[in-house]
Amino acid sequence: VATVLDRCGTDARVLDAGSARYSSVLPWLRLYGLTDLVGNNLEFGDDVRRDGVVFRYGDITATDFPDGRFDAVTCMSVVEHGVPLEPFLAESARILRPGGVLVVSTDYDQDPPDTTGITMYGQPVHIFSPDELRDLVAVAATHGLDLLGELALAHDERPVHWERTGLDYTFVRLSFIRR
């Protein structure tokens with residue numbers, strides 16, 4: 001939320017890609033006065049407006065939004081659920097205005113646990129490795145999305161324990177600016 005507010009201001013147009021209706025990102029932005037807030041997800045049906053946020057059906061790798069429609073795109077804890085990264089990054093770059101911000105969070109570990117055979121939400125569980133995140137940053141750059149800050153991947157703790165899978169790991173948040 002702070003990255004969006006700091007970079008785009010309170011009149012920002014924001015898409016939460018792969019949004020869930022229980023997600024806190026868009027309602028938090030609404031509390032700061034933002035009014036053009038959209039969440040899309042393949043699980044949504046007809047458009048629903050709730051607390052100033054429009055939730056609508058949509059594929060985050062191929063939206064129907066016009067070029068440069070958004071000042072910011074957020075995608076919180078979604079890409080690890082089988083999202084094809086290259087199409088997602090290309091689409092995010094297309095719908096962001098130059099200078100717009102993409103904020104992505106995902107499951108991560110510097111030494112990821114074996115997730116072979118573990119599925120959740122109909123997809124194999126995936127925890128990104130350092131090399132996969134470096135690749136994601138490189139692919140983003142080919143689409144005009146430059147990483148803000150340094151890619152710091154070392155960590156001492158694994159604060160996430162997913163009880164249903166028995167997995168321990170951490171997560172990472174990456175912020176990009178659209179050239």
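Predicted model: local features only at pLDDT ≥ 70, side-chain atom pairs only at ≥ 80, totals over all residues.
User: What about C8, where is the nearest cysteine sulfur?
Analyst: The nearest one belongs to C75 and is 16 Å away. A disulfide needs the two sulfur atoms within 2.5 Å, so C8 is in none. Seen from C75, the nearest cysteine sulfur is that of C8, again at 16 Å, and C75 is in no disulfide either.

User: Is C8 buried or exposed?
Analyst: Buried, with a relative accessible area of 11%.

User: And C75, buried or exposed?
Analyst: C75 is buried too, at 0% relative accessibility.

User: New topic. Which residues are buried in helix α3?
Analyst: The helix covers residues 85–95, and its buried residues are F88, L89, E91, S92, A93 and I95.

User: What do those pack against?
Analyst: Several strands and a helix. The strands are β1 (13–17), β5 (70–76), β6, β9 (145–147) and β11 (167–178), and the helix is α4 (130–142).

User: You mentioned β6. Which strand does D107 lie in?
Analyst: D107 lies in β6, which spans residues 96–108.

User: Why does D107 have no salt bridge?
Analyst: D107 is buried, and the nearest side chain of opposite charge, R164, is 11 Å away.

User: What does D107 touch, then?
Analyst: Leaving out residues up to four places away in sequence, D107 touches E80, H126, I127, F128, Y169, T170 and F171.

Methods: Residues numbered from 1 in each chain as written. Heavy atoms only, no water. Helix = DSSP H or I, 4+ residues; strand = E, 2+ residues; numbered from the N terminus. Buried < 20%, exposed > 50% of the residue type's maximum accessible area, 1.4 Å probe, protein only. Lys, Arg positive; Asp, Glu negative; His and termini not counted. Salt bridge = Lys/Arg side-chain N within 4 Å of Asp/Glu carboxyl O. Contact = heavy atoms within 4.5 Å.
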